[in-house]
Amino acid sequence: MAEGIMVLIFIHALILLHTTEAATTYRTSTTGDATLINIASSTSTVLPKCHDKIDLAFMIDASGSVGSANFRKMKSFVSNSVSHFTIGPNDAQVGVITFSSQPHFQFALNKHTDKSSLSNAIQNIPYQSGGTNTDIALTYIEKNTFTSASGNRIDARDILVIITDGKSAHPPKTAFEANRLKQRNVEIIVVGIGHADKAELNKMASDPAYVLYATDFDSLSHIYDAIHSIACNLVFTTQTPPTTTASTTTLLTPPFIPAGPCIDEIANCNQYGVTICHGAYKPWASANCAHYCEFCHESGGATLPTFAPVIGK
C-alpha cells in the first residue's frame with residue numbers, strides 16, 4: 001500500500017499532536033488476514049497526555065518461556081507505555097500483577113502517585129518463571145486490583161493490558177474469565193509476542209482493534225505509544241458516545257456539520273477507520289472526512305472491517 005495509511009496507534013499522534021521532532025512514517029502491507037506495520041523512521045513524536053481518570057492494570061506474563069532478559073524488555077515496555085499518561089489521583093492510576101503458574105501481586109492502583117515512583121516500581125518487579133495459568137491471573141486481578149481496596153475508582157475507566165508470549169494452559173477458562181471482566185466493563189487490551197496464540201488474543205481482547213502483536217520482544221519498543229492511544233480513545237468514546245445506524249456506520253450530529261458540499265477533502269478517510277469520527281478527532285474529521293463520517297447525514301458512508309495491528313521489527 002502507499003505510504004501514509006495509518007491505523008489506530010498513529011491516529012492519536014497525527015491529529016492531536018502537540019509537538020513533534022519529525023514525523024514518523026509508517027508503511028503497511030497485508031499478509032494473509034493481518035496488517036503488518038513496519039516503522040520506516042525511528043524519529044519520535046511527543047503525544048499529548050490523557051487528563052482523564054483511567055485505572056490501568058497490567059498483567060505481565062512471567063512464565064518460563066519468557067526468560068529473565070526478555071522479562072526486562074517487557075518491563076521497559078510497560079514503563080515506557082505509562083510514561084505517556086498523566087499519573088495521579090485525579091488522572092491515570094497504574095497497578096501491576098505478574099503471572100506464571102500463580103499470579104503475583106506487585107502493587108495496587110493507588111500505590112504510586114507520581115511517574116518517578118511508578119517507573120522505579122516497575123523496574124523492580126521480579127521475574128518468577130513457571131507455567132502460563134492466564135485464567136487464574138484474570139480471576140485474581142478482578143478480585144485484587146479492580147477493587148476499592150486497591151484504589152479502583154467508581155468514576156474511572158477500567159482498562160486491563162495483558163502482555164503474553166504464549167498460549168494459556170487452559171484456553172476455555174481463560175476466555176471465560178476474560179469475558180467476566182468485560183461484563184464488569186473492564187476494557188481489555190492484549191499484547192501478544194512471538195508465538196502467542198492469535199486466536200486466544202482476540203478472544204481475550206474487548207475488540208480485535210485492541211490486539212497488538214509484536215513479532216519478538218525487541219519489537220515491543222515500536223509500540224510504546226499504542227497503549228496510550230487506545231486508552232485515550234476509549235475515554236473519548238465514553239465521553240462522546242456516537243449513535244449508529246442499522247448498517248453500523250457512525251452517524252454524528254452538530255456542532256461539527258461542515259458548510260458546503262458533503263465531500264471528503266482527503267482520499268483515504270476509510271483507511272483511518274471510524275475512530276476519527278468522534279471524540280477529540282471530530283473537529284479534524286469534520287474538515288477532512290465529512291462524507292465518510294456522515295456529518296451531513298448523507299447515506300453511503302463507508303464501514304471498514306476492524307483489524308488488529310501487527311507490529312514488525
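A residue counts as buried when its relative accessible area is under 20%, and as exposed when that area is over 50%. Keep that in mind as you work through this predicted model.

**Exercise 1. Find which residues of helix 3 are buried, and work out how they are arranged around the helix.**

Solution. Start with residues 115-123, which form helix 3. Using the cut-off of under 20%, you get Leu118, Ala121 and Ile122 as buried. Now look down the axis of helix 3: the buried residues fall within an arc of 100 degrees, so they line one face of the helix. Next, ask what sits against them. The buried residues of helix 3 pack against helix 2 (68-82), strand 6 (92-99) and strand 7 (103-107).

**Exercise 2. Check whether the span of helix 5 agrees with its number of residues, then sort its residues into buried and exposed.**

Solution. Helix 5 has 13 residues, 171-183. The rule is 1.5 Å times one less than the number of residues, so the helix should span 18 Å. Its end C-alpha atoms are 18 Å apart, which agrees.

Now for the sorting. Thr174, Ala175, Glu177, Ala178 and Leu181 of helix 5 are buried. Down the axis, these buried residues fall within an arc of 165 degrees, so they line one face of helix 5. On the other side, Pro172, Lys173 and Gln183 are exposed. As for partners, the buried residues of helix 5 pack against helix 4 (134-144), strand 8 (157-164), strand 9 (187-193) and helix 6 (198-204).

**Exercise 3. Describe the buried face of helix 4.**

Solution. Pick out the buried residues: Thr134, Asp135, Ala137, Leu138, Ile141 and Glu142. They fall within an arc of 160 degrees seen down the axis of helix 4, so they line one face of it. Their cover includes strand 5 (54-61), strand 8, helix 5 and helix 6, among others.

**Exercise 4. Describe how helix 4 and helix 5 cross, and name the residues that make the contact.**

Solution. Two packed helices are described by the angle between their axes and the distance between the axes. Here the axes come within 8 Å and cross at roughly 20 degrees. Angles under 35 degrees count as roughly parallel, so helix 4 is roughly parallel to helix 5. The crossing is left-handed. Helix 4 makes the contact through Thr134, Asp135, Leu138, Thr139, Ile141 and Glu142. From helix 5 come Lys173, Thr174, Glu177, Ala178, Arg180 and Leu181.

How values were computed
Residues numbered from 1 in each chain as written. Predicted model: local features only at pLDDT ≥ 70, side-chain atom pairs only at ≥ 80, totals over all residues. Heavy atoms only, no water. Helix = DSSP H or I, 4+ residues; strand = E, 2+ residues; numbered from the N terminus. Buried < 20%, exposed > 50% of the residue type's maximum accessible area, 1.4 Å probe, protein only. Arc of directions from axis to C-beta. Contact = heavy atoms within 4.5 Å. Axes fitted to C-alpha atoms, helices over the stretch in contact; angles between N-to-C directions. Parallel < 35°, antiparallel > 145°, perpendicular 65-115°, else oblique. Left-handed = near helix turned anticlockwise from the far one by under 90°.
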